[in-house]
Amino acid sequence: MEHCKNPWKNTCSNENIKLYIQIKGENLPICYQCWNKIADQNEDW
Ligand SMILES: [Zn+2]
């Protein structure tokens, strides 16, 4: 199973993928925890 590839926290290896984000033509899986954090902090895309 695919694990999280959060570009802002690349040590994360959770497998509960919430969604995929596209960065530089790559689809990166993001887990629930990371997504909540990203949504909270309103990270610069
Ligand atoms: Zn994650």
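Predicted model: local features only at pLDDT ≥ 70, side-chain atom pairs only at ≥ 80, totals over all residues.
Biologist: Are Cys 12 and Cys 31 buried or exposed?
Modeller: Residues are numbered from 1 along each chain as its sequence is written, and side-chain values use heavy atoms, with hydrogens and water left out. Buried means under 20% relative accessible area, exposed over 50% and partly exposed in between, with a 1.4 Å probe and protein chains only. By that rule both Cys 12 and Cys 31 are buried.

Biologist: What is the mean pLDDT of the protein?
Modeller: Helix H1 (residues 32-41) has the lowest confidence, with a mean of 88, and E2 has the highest, at 95. Across the protein, 91% of the residues reach 70 or more, and the mean pLDDT is 88.

Biologist: In what order do the elements run from the N terminus?
Modeller: Helices (H or I, at least four residues) and strands (E, at least two) are DSSP runs, numbered from the N terminus. The protein has 1 helix and 2 strands. Read from the N terminus, the order is β-β-α.

Biologist: Which residue in the hairpin turn has a positive phi?
Modeller: Strands pair if DSSP finds at least two bridges between them. E1 and E2 pair over 6 bridges in the antiparallel sense, and Ile 17 stands opposite Cys 31 in E2. The two strands form a hairpin with 2 residues between them, and the turn residue with a positive phi, about 50°, is Lys 24.

Biologist: What is the arrangement of the donor atoms around the zinc ion?
Modeller: Donors are N, O and S atoms within 2.8 Å of the metal (3.2 Å for Na, K and Ca); water is not among the atoms, so sites may look incomplete. Here the protein donors are the SG atoms of Cys 4, Cys 12, Cys 31 and Cys 34, at 2.2 to 2.3 Å from the zinc ion. Four donors count as tetrahedral if all angles lie between 85 and 135 degrees. The 4 donor atoms subtend angles of 102 to 114°, so the arrangement is tetrahedral.

Biologist: How many residues apart in sequence are the parts that Cys 12 and Cys 31 tie together?
Modeller: Along the chain, the zinc donors follow the spacing C-x7-C-x18-C-x2-C. Cys 12 is in the segment before strand E1 (17-23) and Cys 31 is in strand E2 (residues 26-31), so the separation of the parts they tie together, in residues, is 19.

Biologist: Which backbone nitrogen does the side chain of Asn 6 reach?
Modeller: Asn 6 lies in the segment before E1, and it counts as buried because its relative accessibility is 5%. With neighbours within four places in sequence left aside, Asn 6 is in contact (heavy atoms within 4.5 Å) with Pro 29, Ile 30, Cys 34 and Ile 38. At 2.8 Å, its side chain reaches the backbone nitrogen of Trp 8.

Biologist: How far apart in space are Pro 7 and Leu 28, C-alpha to C-alpha?
Modeller: Pro 7 is also in the segment before E1, and at 37% relative accessibility it counts as partly exposed. Beyond four places in sequence, Pro 7 touches Ile 21, Ile 23, Leu 28 and Ile 30. Pro 7 and Leu 28 are 21 residues apart in sequence, and their C-alpha separation in space is 8.0 Å.

How values were computed
Tetrahedral: all angles 85-135°; square planar, octahedral: opposite > 155°, others 65-115°. pLDDT = per-residue confidence, 0-100. Polar contact = N/O pair within 3.5 Å; in protein donor to acceptor, adjacent residues only side chain to side chain.
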